[in-house]
Amino acid sequence: MEKKEVLLLIDGFNLLSRCYFATAYGKEMHDLPRNSKGQFTNAIRVTIQKLLMLVRDHEPSHIVVAWDVKRDETLRREKFADYKGTRNELPEPLIQQFETLVQLFDTIGITQLTIPRYEADDIIGTLAHRWRNERDGECIIYSNDRDLLQLLCEKTSQLITVKRDELKYTLTHFQEEYGITPAQWIDVKALLGDKSDNIPGVAGVGDKAALPLIQQYGAVESIYENFENLDPRYKRYFKKLEAGREMAVLSKDLCTIFTDVPEVVDRDLEECRYILDKQSVRSALEELEIQIRVG
């Protein structure tokens with residue numbers, strides 16, 4: 001019987017930065033390992049180990065690594081000047097290892113996409129959407145970014161780290177935890193905002209109100225359409241919701257992942273097919289003086 005196809009979508013910076021900070025915590029730049037060419041290697045080593053583990057455990061037929069563009073070059077920054085405005089600059093060793101890793105992935109034949117004005121989430125969103133409509137197999141998203149939960153469906157799951165274990169978080173998990181559809185996750189985030197992305201949300205509306213409001217009214221727009229007759233149990237939030245109407249609408253727009261990025265819609269999915277060539281990986285790692293058991 002022929003194996004079903006599996007698309008593995010990797011949020012590149014999410015993976016690389018987690019590997020970097022896990023291995024650089026509490027260390028000065030001069031303490032980080034480098035090879036004889038002076039290239040930092042701490043994050044690359046762990047990233048490749050993780051990639052090999054993902055390939056072994058999930059046997060993907062197709063792999064795409066999606067990378068973000070610079071945060072001040074995105075469509076969301078054009079809409080909202082403070083988008084991601086509170087984030088610190090990336091450490092130099094992380095930037096250097098990003099550049100090295102891009103070359104390494106090229107060498108071993110992994111498809112990488114960076115699309116001007118769009119973010120990795122949008123590339124992942126468009127590919128997941130296409131895969132759902134065009135292929136029979138499953139799609140697995142690798143990222144700890146919970147914004148991506150809006151993409152879950154019967155075919156699409158997300159690998160999330162929970163208490164040091166990795167959970168394959170499915171549509172069933174989501175429905176049991178939140179009691180809404182993945183598309184309505186956007187509305188919950190619109191009310192809550194997102195500190196890491198500096199998305200404002202509605203000031204004063206937190207977890208205790210955001211999810212119940214969407215469970216009851218279905219969408220941000222419905223809350224405001226029924227504003228005069230809102231359930232009295234939300235009375236303490238009336239003024240906050242009224243004052244935050246504009247921000248709720250803006251935040252929903254900012255939280256919505258694009259599923260129609262033109263350059264990705266037009267791409268042949270077969271270009272993303274991947275078969276692990278262990279010797280190619282070994283040679284590329286030897287070049288960087290990284291010792292990992294490839295198998």
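Select Glu289 to begin, which is found in the segment after helix 13 (278-287); helices here are DSSP runs of H or I with at least four residues, strands are runs of E with at least two, and both are numbered from the N terminus. What you have open is a predicted model, in which local features need pLDDT of at least 70 and side-chain atom pairs count only at pLDDT 80 or more, while totals for chains, interfaces and linings use all residues. Residues are numbered from 1 along each chain as its sequence is written, and side-chain values use heavy atoms, with hydrogens and water left out.

Phi of Glu289 is near 65°, a positive value in a residue other than glycine. Glu289 has a relative accessible area of 41% and is therefore partly exposed, where buried means under 20% relative accessible area, exposed means over 50%, and partly exposed lies in between (1.4 Å probe, protein chains only).

Next, select Arg117, in the loop between strand 3 (111-113) and helix 5 (120-134). Phi of Arg117 is near 75°, again a positive value in a residue other than glycine, and Arg117 counts as partly exposed at 41% relative accessibility.

Now select helix 1 (residues 12-24), whose 13 residues reach 18 Å from the first C-alpha to the last, close to the 18 Å expected at 1.5 Å a residue; the expected span is 1.5 Å times one less than the number of residues. Among the buried residues of helix 1 are Phe13, Leu15, Leu16, Cys19 and Tyr20. Just after helix 1, Gly26 takes a positive phi of about 75°.

To view the meeting place, show Leu15, Leu16, Cys19, Tyr20, Thr23 and Ala24 in helix 1, which meet Asn42, Ala43, Val46, Thr47 and Lys50 in helix 2; contact means heavy atoms within 4.5 Å.

Finally, select helix 2 (residues 42-58) with helix 4 (residues 92-107), which pack at an angle of about 40° with their axes 9 Å apart. Their contact includes Ile44, Ile48 and Leu51 of helix 2 and Leu101, Leu104 and Phe105 of helix 4.

Definitions and conventions: Axes fitted to C-alpha atoms, helices over the stretch in contact; angles between N-to-C directions.
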